[in-house]
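Let's walk through this structure together, one region at a time.

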Amino acid sequence: MTADRRMSNRNKHATGSRRTWSERSWLHLRPIRTKGWKLRVLPHAVYSMFGSTALALLSSICFLLSLNFATTAFVLLIVIVLLALRDGLVSSVTFSAVATACLVFLFVEPVYSSAVDEFWDLIPLAAFLSTSLVIVSLIRRLRMLERAHGEQANLLDLTTNAIFLRNTDHVIVYWNRGAEELYGWTREEAVGTVADELLQTAFPAPRLEIDTRLLQTGRWQGELIHTTRCGKKVIVASRWSTQYNDLGLTIGTLESNTDVTECRRAEDALRRVQAAYLTEAQRLSHTGSFGWNVSSGELFWSDETFRIFDVERTLSPSLNLVLERTHPDDVAAVRQAIGRAARERHDFSHEHRLLLKNGEIRHIRVVARGTTDDQGQFQFIGAVMDVTAQKKAHSELERSEQRYRHLFSRMPIALRQLDASKLAGLFKRLRAEGVTDLGSYFDSHPEFLYTCMEALSYQESNQRFIQMFGGPGANVVRPITHSWKERPDTFRRAMESRFRGEASFEEETRMVTWDGRVIDVLFITARVGPINDSEVSLVGTIDISQRLRVQERLRQVQAEFAHAARVSMLGELTASIAHEVNQPLAAIATNGAASLRWLARPNPNLAEVHEGIENMIANARRAANIVARIHAMASRKAPERTFLLLDDVIRESLLFVRHEMESRSVTILHRSDPTAPQVLGDRTQLQQVIVNLAINAMQAMMQTGSECRKIVISTARHDSSAICCSVEDSGPGLGAEQIDRLFESFFTTKDSGMGMGLPICRSIVEAHGGEIGADAHGAEGGARFWFALPVPASTVCE
């Protein structure tokens with residue numbers, strides 16, 4: 001090893017406070033290190049020269065004092081030890097060699113010579129040399145150990161942990177800087193005191209148990225509570241390690257402590273928050289927790305578990321308490337479940353009832369998982385759930401489902417449940433493709449209508465549906481396309497309604513049964529939505545064939561009543577009819593007589609005869625028209641709807657009552673609307689309505705003896721889609737109690753009336769899609785009757 005390496009190693013292992021004189025000298029001379037190797041080794045050479053000189057001088061002094069070989073060797077050995085303590089191994093070996101040379105030169109024969117005559121003189125010299133070398137080696141090792149301990153002490157001072165060493169009597173022999181900062185005592189104050197007394201240690205287990213474990217394993221770790229110099233309690237994570245000497249005997253314990261006070265406080269706070277959250281969550285979810293040590297039978301309940309079992313917190317939970325709270329009918333099953341769980345030690349789940357002190361019955365579900373603790377004891381950790389509300393909800397759901405099943409099966413309406421999942425998928429794909437109007441899509445893709453039919457499938461049908469659509473083919477379920485052979489347009493409108501997102505669709509249509517019959521039905525469909533991952537639609541069909549027949553018969557009866565009313569009305573208008581017919585007949589007779597006279601003259605006036613004959617023809621046509629109107633009014637022909645102007649109908653109707661009005665001094669005003677559009681209706685039936693309202697107005701004024709007798713018939717646009725006709729008179733008006741009953745059958749305000757005129761008018765107007773009503777007082781002071789008829793869409797567009 002070179003001189004540089006030796007100096008480097010000495011500098012590496014030495015501490016600042018324990019450096020040798022030569023090392024301190026080397027550090028002092030480090031600035032001139034670049035001047036050469038000889039300058040760097042100069043301190044050792046000087047020290048060796050000084051030591052060698054001192055040994056030679058001391059040997060000479062001993063020789064002059066006539067000290068013997070042994071005494072001088074002892075003195076020199078002491079000096080070598082002292083010199084070796086101040087320098088390295090090389091210098092110490094040099095000193096041993098110099099001392100041996102001095103002894104040979106001065107104390108071994110021949111004196112003043114380096115030769116040794118006697119062999120026996122070599123033995124003490126060898127003993128001296130070997131002894132000095134051994135002592136020098138021991139000193140060297142002690143110095144290395146001292147440096148190692150110093151470095152360890154420095155490292156322990158650098159750590160933030162509190163570290164101290166205590167001997168077998170628990171007396172502190174080392175105290176690092178971290179311990180000073182944590183506990184507050186300085187090293188001088190702590191060393192020599194008993195650790196447990198100084199720190200007032202609180203152990204998590206008996207001290208004897210901890211010492212036993214430390215003796216067995218050589219290590220122990222856990223959490224301790226220490227008291228600092230200022231009286232503050234700190235929680236430390238402590239790790240103990242037994243220290244041994246070379247003989248394997250215990251010489252002490254190294255203790256390292258980490259302050260975890262704030263960490264534990266944070267953990268405790270977190271645990272408290274978590275416990276609060278857990279308690280609140282258990283309360284909200286009606287779920288309690290429990291622990292059951294199978295070996296000891298001990299039970300632990302959370303607060304919610306106590307609440308569920310209706311037990312005070314002061315009582316200790318036990319299996320007997322569980323059985324006491326269990327419903328008597330469930331005790332045997334619970335006892336069997338507990339016994340099986342304790343015997344088999346498997347996870348278990350069980351439901352039973354509790355009978356509370358107030359007589360309330362509570363349903364609970366108990367689930368538990370088995371586990372083994374650190375001591376090898378088997379225990380269950382589980383939860384107790386109050387499922388009373390769930391049970392009630394489930395029972396109510398079952399009852400609701402049962403009610404639905406009964407309603408579905410016993411409803412006197414033919415019901416079908418369809419799976420529309422594929423149809424919903426088709427519509428979703430269309431929307432993704434940008435289709436917004438399904439009607440236009442059907443126009444361009446007519447085959448898609450049958451694709452929609454095939455996308456629907458039957459799930460269930462009630463008995464009424466089987467009866468309505470059954471027959472000989474009741475056992476064979478036909479495809480949906482079979483039912484819509486007669487009216488696919490209805491199915492198309494239903495699909496358009498569904499595509500628009502409407503919840504229901506309703507229409508009167510015709511459907512084909514499974515046995516081929518065609519029936520009139522009211523078709524109703526409702527979109528139920530997803531059920532069990534399926535898109536469900538509920539379809540109802542009501543057989544309205546009988547109703548349509550009844551309605552048709554009712555229309556026939558109403559037509560017969562209307563015809564009878566017209567005939568009766570014509571009977572009442574006999575005088576007016578005779579007057580209307582007599583006028584053209586009288587004109588014909590007058591023109592005929594005049595024509596005969598003109599022909600009997602000597603010179604016949606052919607021009608006047610020609611004019612008279614033309615008047616006769618015109619009056620004959622006039623009479624024929626009157627007869628035709630009367631015949632149309634009295635005929636029983638079926639209603640015929642045509643486009644007509646309501647004002648023309650009013651003018652024609654007034655011809656029937658003109659003579660009657662004139663004879664009774666009644667003034668009639670007709671206020672027409674030249675902008676009024678055409679309506680679609682039966683001319684004869686509408687004439688009957690207007691004549692009836694006019695005669696009623698005239699009779700009301702005559703019955704009360706009104707002096708001013710005036711009737712105003714006017715037409716006006718009710719709105720863009722309807723036209724209104726009103727008949728007002730100057731009579732006494734109507735009472736409020738009469739308004740609501742005017743259109744009831746057989747109700748009349750006349751002395752000799754039957755009460756059928758206004759009901760027939762209402763049936764005629766409603767058959768035309770309109771409405772009729774009355775006001776107690778109009779603009780003329782008397783009653784006001786009005787009716788409104790719809791304007792066809794084509795007329796509105798025009």
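E507 counts as buried, because its relative accessibility is 15% and buried here means under 20% relative accessible area, with exposed over 50% and partly exposed in between (1.4 Å probe, protein chains only). This is a predicted model, in which local features need pLDDT of at least 70 and side-chain atom pairs count only at pLDDT 80 or more, while totals for chains, interfaces and linings use all residues. Residues are numbered from 1 along each chain as its sequence is written, and side-chain values use heavy atoms, with hydrogens and water left out.

You will find E507 in strand β13 (residues 504–512); helices (H or I, at least four residues) and strands (E, at least two) are DSSP runs, numbered from the N terminus. Which side chain makes a polar contact with the side chain of E507? Look for T490, whose side chain makes that contact at 2.8 Å. A polar contact is a pair of N or O atoms within 3.5 Å; within protein, one must be able to donate a hydrogen and the other to accept it, and residues adjacent in sequence count only if both atoms are side-chain atoms. Counting any contact (heavy atoms within 4.5 Å), and leaving aside neighbours within four places in sequence, E507 meets R487, T490, R493, V521, L522 and F523.

T490 takes us to helix α22, where it is one of the buried residues, along with F491, A494, M495, E496, S497, R498 and F499. The helix covers residues 488–499, and its end C-alpha atoms are 17 Å apart, which agrees with the 16 Å that its 12 residues should span at 1.5 Å a residue. That expected span is 1.5 Å times one less than the number of residues. Just after α22, G501 takes a positive phi of about 90°.

Now for the nonpolar cores, which are sets of buried Ala, Val, Leu, Ile, Met, Phe, Trp, Tyr and Cys residues joined through side-chain atoms within 4.5 Å. The largest has 40 residues, and I711, F785 and F787 have the most contacts inside it. Two or more residues each come from α26 (646–663), α27 (683–704), β19 (710–719), β20 (722–729), α29 (757–767), β21 (771–775) and β22 (784–790). Of these, α27 gives the largest share, 10 residues. To see the surroundings of F785, pick out its contacts beyond four places in sequence: L693, C725, S726, V727, L734, L742, F743, L758, G773 and A774. A second, separate core has 33 residues, including F448, M468, F469 and W484.

S66 has a positive phi of about 60° although it is not a glycine, and it counts as exposed because its relative accessibility is 64%. Helix α5 (residues 69–84) has 16 residues and should span 22 Å; its end C-alpha atoms are 22 Å apart, so the two values agree. The buried residues of α5 are T72, A73, L76, L77, V79, I80, L83 and A84.

A115 sits in another loop, between α6 (89–107) and α7 (122–158). Is A115 buried or partly exposed? It is partly exposed, because its relative accessibility is 34%. Although A115 and F105 are 10 residues apart in sequence, their C-alpha atoms are 7.9 Å apart. Beyond four places in sequence, A115 is in contact with V104, E109 and P110.

Q200, in the loop between α10 (195–199) and α11 (207–217), has a phi near 50°, a positive value in a residue other than glycine. At 48% relative accessibility, Q200 counts as partly exposed. V322, by contrast, is buried at 9% and lies in helix α14 (residues 319–325). V322 touches L299, W301 and F309, not counting residues up to four places away.

Finally, step back to view the whole chain. The secondary structure comes to 30 helices and 22 strands, and buried residues make up 39% of the 798 residues. Among contacts between residues at least 6 apart in sequence, 58% join residues at least 24 apart.
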